[in-house]
Amino acid sequence: MPLPPESPLAMLFDENGLEIEHGEPLIVKRIVKADGGSRGFVNDQPASAGLLREMAPHLVEIHGQHDERGLLNARGHRALLDIFGRTEPGATGKAYAAFRAAEAELAAARADIETAARDREWLEHTVAELTALAPVAGEEETLADTRRSMQRAEKIADDLAAIDDFLEGKDGGMAKLRQAARVLERIAEDHVALGNALAAVDRAVIEASVAEESLRDARAEMAYDPRALEDDEARLFELRAMARKHRVQPDDLAALADEMRARLERLDAGEGGIAKIEARVASALEGIRCGGRCFDEAAVGGSETPRRGGCG
């Protein structure tokens, strides 16, 4: 007998891994051995005795005094519903599976909303304090570097002042070098050694001038404002204290603020999301009632508006 593609047997074969071509004649064979053992085959493919028993009601119709016992087999209930509702094989099962999936999604969404609602006060407080702090990724490292530089500048400020006095003061080294150069210029021609001394002093004056310029650059770059150092330290300590409070790194505070805001937004939008899922549950339940004819699988999946009232 040829096998129609929509028949329950085709589904049974698919479930048991038998490859039977649609329209191919169906040949069932059982070989009984001399020792009493037996083997079953369907189109030359091994089939268990249990599978052969499941196939029998679809191949042979037997009427007897215990026919009603077949109704007790739960595996056949969905098939009976499909037959009674004149739907495609498996339509009721698909509709029921979609209904259970939508119900599970609804339960999970409600649980999330309840949990988030309990945390609303904490979320609002956290978002408020993080917004007020306004952390920026990489800010902690920048503040720490600036603080180290200003602290170092504070420590060497006295040393730089002493060097300035030595080089630029009224009795500083530069003034004495220039005085020596002027004296040597008057007498350098009297002896070769005096000429060499003048050249050395001139070089010293030049190098000292270079040192003065370098010191000015260093002072400009290392200059610090005590108030700025205090502000820098206060901001750094504030960031680190907030990071410890939330058990994250300072650089992660900005991302944490975004995450907390997103959780609040999901909480605010939660009721609307629940309503959409409830509509999908209702659509899936309607699909079961009409045997799958008004079941919109895409709608139950959440991508479209559920199709309602199309039974018949």
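User: Which residues have the most contacts inside the largest nonpolar core?
Analyst: In this predicted model, the largest nonpolar core has 15 residues, and those with the most contacts inside it are Leu 130, Leu 133, Leu 239, Met 242, Leu 253, Leu 256 and Met 260. A nonpolar core is a set of buried Ala, Val, Leu, Ile, Met, Phe, Trp, Tyr and Cys residues joined through side-chain atoms within 4.5 Å, where buried means under 20% relative accessible area, exposed over 50%, and partly exposed in between (1.4 Å probe, protein chains only).

User: Which helices each supply at least two residues of this core?
Analyst: α5, α6 (139-168), α9 (226-246) and α10 (253-268) do. Helices are DSSP runs of H or I, at least four residues, numbered from the N terminus. The largest share, 5 residues, comes from α10.

User: What is Leu 253 in contact with, leaving aside neighbours within four places in sequence?
Analyst: With those neighbours left aside, Leu 253 is in contact (heavy atoms within 4.5 Å) with Leu 130, Leu 133, Pro 135, Leu 239, Met 242, Ala 243 and Val 248.

User: Turning to Thr 126, is that residue buried or exposed?
Analyst: Thr 126, in helix α5 (residues 120-133), is buried, with a relative accessible area of 1%. Leaving aside neighbours within four places in sequence, its contacts are His 246 and Met 260.

User: And where does Leu 59 lie?
Analyst: Leu 59 lies in helix α2 (residues 49-59) and is partly exposed, with a relative accessible area of 32%.

User: What are the conventions?
Analyst: Residues are numbered from 1 along each chain as its sequence is written, and side-chain values use heavy atoms, without hydrogens and water. Local features need pLDDT of at least 70 and side-chain atom pairs count only at pLDDT 80 or more, whereas totals for chains, interfaces and linings use all residues.
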